[in-house]
Amino acid sequence: MTERRPSGTAADIASYGDGDRQRLADLERRLRETEDALRLSNGKLRMALDIGKVGSWERDLRTGEVTGTATFKATLGLPLDASLNYEEFEKLIHPGDMDRMNQAIVFALKTKTDFNVEHRVIRPDGRIGRVLVRGGAIFEGEEPVRLMGIIQDVTAREQAKEDMNSAQRRQEFLLTLNDQLRSLEDPDAIMEATAKSLGRFLKVDCAGYGEVDEERGVILVEREWSKGAIGNEGRAYRLYDFLPTMMAELKLGRPIFVEDIRTDPRADNPEVQTAYSTINARAALAVPLLKNQKLTAVLYMHTSQPRAWFGDELSLVEDVAERTWTAVEKARAERDLRETDARFRLIAESLPALVWILNPKTELLYTNERWVTYSGLPREEALGHSWTRAIHPDDMARMSEELVPVVTLHTPYTTEARYRSHEGHYRWHLIQGAPIHFENGEFKGWVGTSVDIHDLKVTEEALRKSEEQLRIALQAARMGDWSWDIATDVFDLSDRAAEIFGLARGSIEREELARQIHPSDLPRMIESKMDAIQNQQQFSTELRVRRLNDNVQVWVAAQGQVTYDQDGTPSGMTGVVQDITDRKQAEERQQLLIRELHHRVKNTLATVQAIVGSTARTASSIDEFYQGFVGRIVSLARTHNLLTEDLWQKAALEDLIQTELGPYEDEARNRIIVEGPHVELPSEAAVPIGMAIHELTTNAAKHGALSTFGGQVEVRWRVEPGEERPILHFAWTEHGGPRVSTPTRQGFGSRLLRRVLATQLQAEVQMEFPEEGLHFTMTMTIPGDPPIFNPDRPEN
């Protein structure tokens with residue numbers, strides 16, 4: 001009988017247990033390695049977010065709960081322990097940006113793509129900031145369940161840009177004004193130039209510079225600038241008429257602000273209201289100039305509409321007032337003392353700045369009051385080598401070396417250095433010096449200026465840091481890395497790289513990836529890669545790829561370099577990839593814009609050709625042809641200027657009228673009457689109507705109401721509902737001019753008014769010639785709004 005034995009021996013069982021324990025140990029080791037890699041990856045992510053000052057957030061689409069990092073809450077002005085739902089979050093978004101934000105999210109959910117929106121936020125303390133938000137959705141099946149993304153505060157960047165642009169515009173204005181004032185010798189001309197330049201720069205209706213007579217309580221204005229009218233000469237204003245306390249406040253050096261005189265509590269006196277009404281002013285600003293604690297002059301301006309005055313505008317007006325006063329006093333001194341020492345003229349021309357003159361030993365011979373005030377030194381101690389003790393030691397060490405050839409060769413010198421003020425603060429200055437010589441060629445020393453550029457330097461540094469932070473954040477958000485293993489022929493992709501190619505996984509075979517590349521770009525990519533391998537160099541290429549998840553074609557830029565084994569054999573490649581679709585689309589739009597410009601130029605040339613022909617047929621002489629042709633071309637250009645301000649879309653009827661009639665308005669503002677509602681005209685209507693208004697204005701100036709004193713032109717229009725489009729009723733009436741009779745022949749202007757308007761706009765035109773003046777009427781259907789200018793549309 002055969003004995004049955006167990007199916008497995010004790011040795012087999014022991015062996016089986018040892019294998020399980022080994023596999024378990026391997027699994028535990030792999031788990032620890034994975035956890036370590038995950039912690040490392042999370043650490044890198046946190047470091048990247050911290051470096052870029054980027055906050056992350058999530059929004060649960062089912063519960064509406066919004067969560068985020070500390071940076072996210074700080075960006076929105078929320079405390080760290082604040083909880084937030086979506087309704088509360090919406091209240092933080094600026095109402096003007098809400099629709100755009102929602103549209104971006106809806107589009108992203110619909111297309112399963114990321115959204116990227118820059119918008120304003122209103123923080124709980126009322127401050128308005130600007131943020132850059134990027135994010136995407138997480139889906140369960142086809143249902144989006146969560147939004148997540150990043151947020152970055154770009155308020156400082158935008159503010160820095162705005163401040164830089166504003167400072168640059170003001171600096172350019174001041175430099176231009178300085179050049180203009182330096183070229184004038186008449187004090188009255190300087191006052192007028194200042195008022196005109198400042199009034200146009202700040203877009204006010206009236207501006208003037210006047211000198212104060214305290215005993216009489218008046219300001220004497222030799223020249224006053226008014227928009228759209230001839231400047232007023234020799235005016236005197238009683239300061240008490242405009243505010244009872246105005247003189248007292250100006251004498252204390254306080255600027256006067258009036259944002260709306262009708263609601264200003266200081267102007268409850270009817271006489272004050274009448275004073276402002278007399279000069280057609282609703283808002284006003286007056287800046288006093290005190291010299292030796294005495295009110296000497298006032299730079300003022302006003303507008304016919306309410307207006308808020310900002311701090312940078314006040315600073316600019318104060319600066320211009322000082323410059324104007326300096327220029328006026330300089331001109332008067334030069335007029336009375338032509339033989340004044342050259343030193344005074346150099347200083348006067350260079351103000352305001354730290355102005356100095358050095359002798360050949362670099363000793364300070366003369367300086368202006370600004371240096372005395374800035375340094376805090378008594379005037380008798382502010383000369384000699386006092387400037388070397390005020391410069392920062394680090395800058396002085398550098399300048400000592402730089403000045404050796406300057407002193408030896410008597411050359412110009414330019415540098416930047418920090419000056420210590422009497423308060424102990426250092427401020428950056430731009431130092432510029434030029435050598436001066438006697439008429440016989442003997443070297444006399446250097447004359448120069450030190451201009452305070454500290455604020456500009458600080459702003460530039462802040463802007464540089466902001467741009468650097470933005471660059472890092474953009475790189476972290478838009479670039480992915482990849483590697484290719486020659487042995488496996490597989491590309492390993494980071495999350496961002498996989499997202500760019502529309503992959504849910506982080507790896508793809510080379511052949512599968514090649515099938516997604518545009519056939520026209522694939523040979524170039526292969527050639528670039530093979531050149532890199534053969535020549536042991538980096539490669540860079542741009543190509544089109546269809547994403548695997550949605551089959552959308554995108555442009556990507558890929559850069560990489562070859563990796564090698566220890567024996568020098570190529571083992572693969574590694575590099576980065578970036579989505580550049582936006583840039584490529586922008587380049588395409590630029591080409592389309594150029595084609596659109598060509599189209600507009602052709603149309604304009606056709607119009608000019610028609611004007612030439614019509615003008616030539618009606619002109620009786622070369623001079624008449626020239627005058628008529630130039631006037632019509634100028635009118636066409638003015639209309640085009642109005643159109644181009646709106647991307648060639650529309651122009652306001654009132655702007656067309658004011659452009660032509662504005663120069664003929666008188667001081668009392670009763671010669672021209674323009675009355676009607678706001679009407680926007682598309683380009684096809686604005687051009688002929690603008691030229692028609694030009695013809696009417698020209699005729700009135702030559703033969704009609706504007707050709708004599710007392711004549712008046714009334715332009716009125718109204719808009720009534722029509723069956724499909726609104727109906728414009730336009731009337732031009734002249735009276736008070738020469739006696740009118742029906743013309744015996746029809747010129748270009750008459751044909752334009754009767755035929756072109758009727759042909760192009762289907763307008764009903766009537767021209768009557770009663771003795772008191774021309775009466776022109778036009779009734780037409782206002783064309784529909786043109787399509788919004790789209791550079792992506794094909795050229796007609």
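Modeller: Let us begin with burial: a residue counts as buried when its relative accessible area is under 20%. The model before us is predicted. Phe776 has 1% relative accessibility, so Phe776 counts as buried. Phe730, at 4% relative accessibility, is likewise classed as buried.

Colleague: How is a pair of aromatic rings described?

Modeller: Such a pair is described by the distance of the centres and the angle of the planes. Here the count comes to 12 aromatic pairs. One of them joins Trp484 and Phe491, which are stacked, with 6.0 Å centre to centre and 20° between the planes. Trp484 and Phe491 are both buried.

Colleague: What is the arrangement of Phe730 and Phe776?

Modeller: Phe730 and Phe776 form an edge-to-face pair, at 6.3 Å centre to centre and with 70° between the planes. An angle over 60 degrees is what places a pair in that class.

Colleague: Which parts does the pair of Phe730 and Phe776 tie together?

Modeller: Phe730 belongs to strand E28 (residues 727-735) and Phe776 to strand E30 (residues 775-781), so their pair ties together parts that are 46 residues apart in sequence.

Colleague: Which residues do ring pairs link into a cluster?

Modeller: Tyr237, Phe242, Tyr276 and Tyr300 are linked in this way.

Colleague: Which residue lies over the face of Trp484?

Modeller: Lys529 does, at 4.4 Å from the ring centre. Elsewhere, Lys584 lies over the face of Trp555, at 4.5 Å from the ring centre.

Technical notes
Residues are numbered from 1 along each chain as its sequence is written. This is a predicted model: local features need pLDDT of at least 70, side-chain atom pairs count only at pLDDT 80 or more; totals for chains, interfaces and linings use all residues. Side-chain values use heavy atoms; hydrogens and water are left out. Rings of Phe, Tyr and Trp (its six-membered ring) pair if their centres lie within 6.5 Å; planes under 30 degrees apart count as stacked, over 60 as edge-to-face and the rest as tilted. Buried means under 20% relative accessible area, exposed over 50%, partly exposed in between (1.4 Å probe, protein chains only). Helices (H or I, at least four residues) and strands (E, at least two) are DSSP runs, numbered from the N terminus. A charge sits over a ring if NZ of Lys or CZ of Arg is within 6 Å of the ring centre and within 35 degrees of the ring normal.
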